[in-house]
Amino acid sequence: VQLQASGGGWVQPGGSLTLSCAASGMNVNVLGWYRQAPGKQREMVATTTRGGRINYADSVKGRFSISRDNARKTVSLQMNDLKAEDTAVYYCYAQFFTTASIWGQGTLVTVSS
């Protein structure tokens, strides 16, 4: 049981990237993305529940969009108008219909010119 994340990489400021994560074989409630920048704590970026409730960090509202395919058990994060402060390791996150949760491997997003 694991989360398979893909995407990430380097992009110039103002550019776009898409992260994807597959939660195959798992019956999960919450899927989402967190990130951790160097020297900072891990923070929530965006989450979505199976019922469709979505939550964004204030810092990404209007720029990032999270989407979910319940049938395929995948979640994607479309990141637009990226800024240098978005540079971080991004982690896929899943929470079951309990308090149990798991993390995917991190994927690095670097925004620089």
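Predicted model: local features only at pLDDT ≥ 70, side-chain atom pairs only at ≥ 80, totals over all residues.
Biologist: How many aromatic pairs does a search of the whole structure find?

Modeller: The search finds four aromatic pairs. One of them is formed by Tyr 91 and Trp 103, whose ring centres are 6.4 Å apart. Their planes stand at 85°, so the pair is edge-to-face, the cut-off for that class being over 60 degrees.

Biologist: Where in the chain do Tyr 91 and Trp 103 lie?

Modeller: Tyr 91 is in strand β9, residues 88–96, and Trp 103 is in strand β10, residues 101–103. The two are 12 residues apart, and the pair links distant parts of the chain.

Biologist: Is Tyr 91 buried or exposed?

Modeller: Tyr 91 counts as buried, because its relative accessibility is 17% and the limit is under 20%. Trp 103, with 37% relative accessibility, counts as partly exposed.

Biologist: And Tyr 93 with Trp 103: what are the distance and the angle there?

Modeller: The centres of Tyr 93 and Trp 103 are 4.9 Å apart, with 55° between the planes, and this aromatic pair is tilted. Tyr 93 lies in β9 and Trp 103 in β10, so the pair ties together parts that are 10 residues apart in sequence. Tyr 93 has a relative accessible area of 10% and is buried.

Biologist: Which residues form the aromatic cluster?

Modeller: One cluster is formed by Tyr 34, Tyr 91, Tyr 93 and Trp 103.

Biologist: Which rings does Arg 42 lie over?

Modeller: Arg 42 lies over the face of Tyr 91, at 3.7 Å from the ring centre. Arg 42 also lies over the face of Trp 103, where the distance to the ring centre is 4.5 Å.

Biologist: Turning to the strands, what does β9 pair with?

Modeller: Strand β4, residues 28–36, pairs with β9 in the antiparallel sense over eight bridges. Strand β11, residues 107–111, runs antiparallel to β9 and is joined to it by three bridges. Within that pairing, Val 109 of β11 is the bridge partner of Ala 88. Three bridges also join β9 to β10, again antiparallel.

Biologist: What joins β9 to β10 in the chain, and what stands opposite Ala 94?

Modeller: A hairpin joins the two strands through four residues. Opposite Ala 94 stands Ile 102 in β10.

Biologist: Moving on to β8, which residues are on its covered face?

Modeller: In strand β8, residues 74–79, the covered face holds Val 75, Leu 77 and Met 79. The uncovered face holds Thr 74, Ser 76 and Gln 78.

Biologist: Why does the list alternate like that?

Modeller: The side chains of a regular strand alternate between the two faces of the sheet.

Biologist: What are the partners of β8?

Modeller: Strand β3, residues 17–22, runs antiparallel to β8 and is joined to it by six bridges. Gln 78 in β8 is the bridge partner of Thr 18. Strand β7, residues 64–69, is likewise antiparallel to β8, with six bridges between them. In β8, Leu 77 stands opposite Ile 66.

Biologist: Which residue takes a positive phi in the hairpin of β7 and β8?

Modeller: Lys 73 does, with a phi near 55°. That hairpin has four residues between the strands.

Terms used: Residues numbered from 1 in each chain as written. Heavy atoms only, no water. Phe/Tyr/Trp six-rings, centres within 6.5 Å; stacked < 30°, edge-to-face > 60°. Buried < 20%, exposed > 50% of the residue type's maximum accessible area, 1.4 Å probe, protein only. Lys NZ or Arg CZ within 6 Å of the ring centre and 35° of its normal. Pairing = 2+ DSSP bridges.
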